[in-house]
Amino acid sequence: MNRTIELAKIVADGDMIRYEIHDNSGLNLLQKKKVDAWIRFYHADRFGFDLNKLPESVLAIPITLYLLRVTWLYGVDLVLNSIDKMLYENVDAIRDAYSQIFGSFEDKWRGEIRVKEIVENKLPDSQYKNIVFFSGGIDAIHAGINNPGRKSVLVSIPDVENKSQAEGPLREEKFRLIEEFSKTIGSNWLLISNNFNKDIFNSVESIVKRNHIPVIRQYAAVGKYVPNLCSVAPFAYALGIKSLIMGSGFEQIENEMKWALDGTNPIISNAFKFAGISFAEQDGLYTRRSLKVKNIVSTFDRQNIHIKIWACFDNSKEQCGECTKCVRTQLNILCANENPKDWGFALFDEKYFSRFIHSYRWFEETPGWVWDIVDSIDDTHTYPYCNELLHWLKQIGYKKYYNRTLQVRKLMKLSRVFKVHKYPHYASVVCRRLIKR
Ligand SMILES: [Zn+2]
């Protein structure tokens, strides 16, 4: 008998869809042999949204997209009762898109979709035009200001982030953020949560980790992003919303344009099509992050308001101010002549922040983000906040700054291994020498 993952049950229950999934693969792909997964739609009753009116083939779209990977990497069949026709016809295109980005998915890894009925779903007419995915970060806010008004619905799905937690202060904060931001741009909003990342698959499914080539491992880590965004599918279908918009994660370094090697790559989002719904062109496809921040600042400056920008992954009421995204965003804001304190970074302190950057503790995975910020600093301009710091950064240059952060990062790792904190004088001498080089 073939190895299978089976979607055994789907139930619409109030504002939730509940799925029961059985793992008959013998590979321990799922966390348990029987997994209960769910999606919850908050604030959806205002739209007259009723899950009970939707066909099973529509309720099944999110979980089908999320589970599809088992038919690409493990030779496992996915067993379903019902599937949307457009989705069914696009499965190969989605697989090809991932395969193109993350290295070749081999045919011998392939399983089938076994389904009883294929259903053609016709999208109803609608007063709404777009779903705009909204996390509160720079890319999402930029997408929001480019698609304002009543025809757009801002949708936040905090669980798409790998580090997100089901409940806690961050969830509450996201509620507040989306409500406030939607008022500012005159749009509607909806918040969705699910337990997909937390409870379905074993962490970076162990078999991929052991047996497959590194790029495929990367897919296993980040390939759930777009499928998880598609939790919005039943809502979009019920309201007849054709087009899904997300902010681009585009990254540039000097003259080289680069797409993030993750779920935000447009090749991937363009491949997802179901029930008459598809992704529109990503917002800000060729707009640098530094320019996006300037656009955001000038849009709200004209209205004389400040909004809260949320970049942090910490499950906390305030942004930490020190993680990569917090630091990057605060620098972007400083370069736009603004005080990060006014744009959601309550803990920002000019002196502390300058010391932090001076000691090379702004750790980026790739030098592109450092290039973007350093390049956006005008050395003939006097900045109202952290002026000395910005001119110092410009003078150091992005390559030197980035390379030194790599050294400092190594040193910090070593110091943890050898417990250097027991010898503070020696540690500080080594540190100073390294930084001076
Ligand atoms: Zn942070």
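Let's start with the two domains: the C-alpha centres of domain 1 and domain 2 lie 33 Å apart. Domain 1 covers 4–279 and domain 2 covers 306–436, with bounds taken from an automatic or database domain assignment. Please keep in mind that this is a predicted model, where local features need pLDDT of at least 70, side-chain atom pairs count only at pLDDT 80 or more, and totals for chains, interfaces and linings use all residues. Residues are numbered from 1 along each chain as its sequence is written.

Where the domains meet, domain 1 contributes 19 residues and domain 2 contributes 16 residues; a contact here is a pair of C-beta atoms, placed from the backbone, within 7 Å. On the side of domain 1 that touches domain 2, α6 (169–185) gives the most, with 6 residues. Helices such as this are DSSP runs of H or I, at least four residues, numbered from the N terminus.

Now look at helix α14, residues 324–335. Of its 12 residues, 10 are buried, so the helix is largely enclosed by the rest of the structure. Buried means that 20 or more other C-beta atoms lie within 10 Å of a residue's own, with C-beta atoms placed from the backbone. Among the buried residues of α14 are R328, Q330 and N332. The cover over them includes α5 (138–146), α13 (289–302) and α15 (350–358). After α14 comes N337, whose phi is positive, near 65°.

Finally, I131 touches V153, V155, V232, A236, I241, L244 and I245, leaving aside residues up to four places away in sequence.

Note on methods:
Contact = placed C-beta atoms within 7 Å. Helix = DSSP H or I, 4+ residues; strand = E, 2+ residues; numbered from the N terminus. Expected span 1.5 Å × (residues − 1).
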